[in-house]
Amino acid sequence: MIIQKSTNPRISTFDSNNFSFGNTFIDHMVICEYENGKWGEVKVVPYGPLPFSPAMMGVNYGQACFEGMKAYKDEDDQVFLFRPEKNFARINKSAARLAMPEVTEEIFLGGLKALVDIDREWIPKGEGMSLYIRPLIFATEEALKARISNKYMFAIVATPAKSYYTEPVSVKISDFYSRAASGGVGSAKAAGNYAASFYPTQLAMEEGYDQIIWTDDATHKYFEESGTMNVFVRINDTIITPPTSEKILDGVTRDSFIQLAKKRGLEIKIEPIAVKDVIEAQKNGSLKEVWGVGTAVVTSVFQALGYDGEKLELPKLSNDESFALTLQKDLVDIQTNKAEDPFGWRVLVEKNVMETV
Ligand code: COI
């Protein structure tokens, strides 16, 4: 691993009480280039732009995938990653589906730990604070033939993240647009999946909604995901989430919620959620909660569902009554080392990792 430290660090200008998520970047980034059939050396370098041609295949044909993960700082300034092996496995699953080369553990986990260690000062501390980390792989060959690229870059950039608290949102149940199709790339964290979601989301916003609940492409009768997240429904005291499939992303937060619900002894079913059952439950009062889960916001609680021209309101539950917020607290307490970690999910980032690699 090559470590090139920034000679002009910006950390002294970083105000953890006043920053903008997503466009404040830490001082360093990881890069690793692939050509001639193999990955080169992993480098930690100062964050900044890279020289690429508009003929780069990644931007022309969308051979690109990414991950979202976080690092947390506890009260004693210890730094933890959360289930990073899941993101490592998933980026390689996405890469394989997009005909891109898989990265090694040394590149992904080695680069990740070195980056988080070198920029540990950038990780804001306190309620809801974290460092959002974005590993990605994209095709870099300068070529316009529509075929598999011969060159790639693996990179990791990171941005400090604030409180996960979000206002309850209204979501429209999609009756036309789809996020994923049978035989498609829905289970990959493909950059193009996000590009394809923006237009339908914009239309839903024009109708007064914040996000879309994506339904299956064939019939629009079953829930699949919500916004950029996995979706959960609670009818009476039973939690339901759809099984992962070639159309549904295997979310790390989704899996953690399932395990935490089981640990609490809550009833949780992993089975298809029919739109008609949710609507019926809303009408007869048994629909208690619908929420989305993802790395970025952890939980997004829905206050209303849009369906067939109607806005169907959901009950307002207190933090204690809400399964979504109870499980979110269980999860965040583990992530931030406030609670025991019976699942072994936390991974400590040792100081001076580079000296040991
Ligand atoms: C996440 O919740 O981690 C996401 O996938 C959202 C991201 C696209 C900002």
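Reply: A polar contact is a pair of N or O atoms within 3.5 Å; within protein, one must be able to donate a hydrogen and the other to accept it, and residues adjacent in sequence count only if both atoms are side-chain atoms. This is a predicted model, in which local features need pLDDT of at least 70 and side-chain atom pairs count only at pLDDT 80 or more, while totals for chains, interfaces and linings use all residues. Residues are numbered from 1 along each chain as its sequence is written, and side-chain values use heavy atoms, with hydrogens and water left out.

Me: How many residue pairs are in polar contact across the interface of domain 1 and domain 2?
Reply: The domain bounds, which come from an automatic or database domain assignment, are 2-162 for domain 1 and 169-316 for domain 2. Across their interface, counting pairs with both residues at pLDDT 80 or more, the number in polar contact is 11.

Me: Which element gives the most residues to the side of domain 1 that touches domain 2?
Reply: Helices (H or I, at least four residues) and strands (E, at least two) are DSSP runs, numbered from the N terminus. Strand E5 (64-66), strand E6 (69-73) and helix H2 (84-97) each give two or more residues to this side. With 6 residues, the top contributor is H2.

Me: What area is buried between domain 1 and domain 2?
Reply: Buried area is the accessible area (1.4 Å probe) that two parts lose on being put together, summed over both. Carbon and sulfur atoms give 58% of it here. The total is about 1,500 Å².

Me: Which three residues supply 37% of the area that domain 1 buries against domain 2?
Reply: No other three residues of domain 1 supply more of that area. They are Phe 66, Arg 90 and Arg 97.

Me: Is His 220 buried or exposed?
Reply: His 220 sits in the loop between strand E11 (211-215) and strand E12 (223-226). Buried means under 20% relative accessible area, exposed over 50%, and partly exposed in between (1.4 Å probe, protein chains only). Because its relative accessibility is 16%, His 220 counts as buried.

Me: Which side chain does the side chain of His 220 join in a polar contact of 2.9 Å?
Reply: The side chain of His 220 also reaches the backbone oxygen of Phe 176, at 3.0 Å. Residues in contact with His 220 (heavy atoms within 4.5 Å) include Tyr 177 and Val 275, not counting residues up to four places away in sequence. The 2.9 Å partner is Thr 215.
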